[in-house]
Amino acid sequence: MAADEISVRPAEDGDRSSLALLLAAVAEERVGIAAEPPIDVETLTTICRIDGTLVALAEGVIVGEVSVEPSWMGFGEIGMMVAADWRGRGIGTALVAAAVEWARARELHKLALSVFPHNDAAIALYRKFGFVAEGRLVQHVRRADGQLWDLIEMGLLL
Ligand SMILES: CC(C)(COP(=O)(O)OP(=O)(O)OC[C@H]1O[C@@H](n2cnc3c(N)ncnc32)[C@H](O)[C@@H]1OP(=O)(O)O)[C@@H](O)C(=O)NCCC(=O)NCCS
């Protein structure tokens, strides 16, 4: 599927269940995001953030999402994921572009995010948009199996 057949729109209340299931599936991979199984999909469906979340649709189905959480300090914190079967087709690119546009429209001055150092695809995606590494949090995240993973902090001035 070409990138122009992917649409991105603000999330709606009716997307909650799809968003929770997407996060649960990506968490099962135990690679890219901090969340790990078990994910309580029912609870997540009720508490997941809709405001500031943008969803990517392909063939009418949600295949990715990015959320921007604005801080009172003027920056926005990004989190994102694309369903495994849909990666490498420009959906992440479309989502980051939409997040940048969303943030600029709200006059945020910066986007910030945290990424695991082994997450080559995510780091390449963020660099493509001009994000730069600003620091490293050493052994910051304790995984379910006890491993301690570093985090790289990246930022993009808007
Ligand atoms: C990171 C992620 C969102 C990228 O989404 P995607 O839809 O595959 O991204 P795209 O297809 O738009 O690719 C974007 C860029 O990433 C790079 N890239 C993609 N896959 C890559 C890979 N496996 N290794 C290295 N670079 C890769 C390419 O530079 C690509 O740009 P280009 O095609 O213009 O050269 C997706 O891999 C994902 O959801 N991973 C699991 C969750 C996660 O890690 N979220 C981010 C947490 S910080």
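The model is a predicted one, in which local features need pLDDT of at least 70 and side-chain atom pairs count only at pLDDT 80 or more, while totals for chains, interfaces and linings use all residues. Residues are numbered from 1 along each chain as its sequence is written, and side-chain values use heavy atoms, with hydrogens and water left out.

The buried residues of α4 are A122, I123, L125 and Y126. Seen down the helix axis, these buried residues fall within an arc of 160°, so they line one face of α4; the arc is that of the directions from the helix axis to the C-beta atoms. They pack against β4, α3 (91-105), β5 and β7, with contact meaning heavy atoms within 4.5 Å. Helices (H or I, at least four residues) and strands (E, at least two) are DSSP runs, numbered from the N terminus.

Y126, one of the residues of α4, is buried with a relative accessible area of 7%. Leaving aside neighbours within four places in sequence, Y126 is in contact with M80, V96, L113, V115, F131 and M154. Between Y126 and V115 there are 9.7 Å in space, C-alpha to C-alpha, and the two are eleven residues apart in sequence. After α4 comes G130, with a positive phi near 100°.

The open sheet has seven strands in the order β1-β2-β3-β4-β5-β7-β6, with mixed pairing; two strands pair if DSSP finds at least two bridges between them. Its edge strands, β1 (7-10) and β6 (132-142), each pair on one side only. From one strand to the next the twist averages 25°, where axes are lines fitted to C-alpha atoms, for helices over the stretch in contact, and angles run from 0 to 180 degrees between N-to-C directions. Helix α4 (residues 120-128) packs on this sheet and touches β4 (75-82), β5 (110-115), β6 and β7 (148-157), its direction making about 165° with that of β5.

Around the ligand there are 23 residues, of which V82, G88, T93, N119 and K128 come nearest, a residue being near if one of its heavy atoms lies within 4 Å.

| Residue | Atom of the residue | Distance to a ligand oxygen atom |
|---|---|---|
| R89 | polar backbone atom | 3.1 Å |
| G90 | polar backbone atom | 2.8 Å |
| G92 | polar backbone atom | 2.8 Å |

Notes: Buried < 20%, exposed > 50% of the residue type's maximum accessible area, 1.4 Å probe, protein only. Polar contact = N/O pair within 3.5 Å; in protein donor to acceptor, adjacent residues only side chain to side chain.
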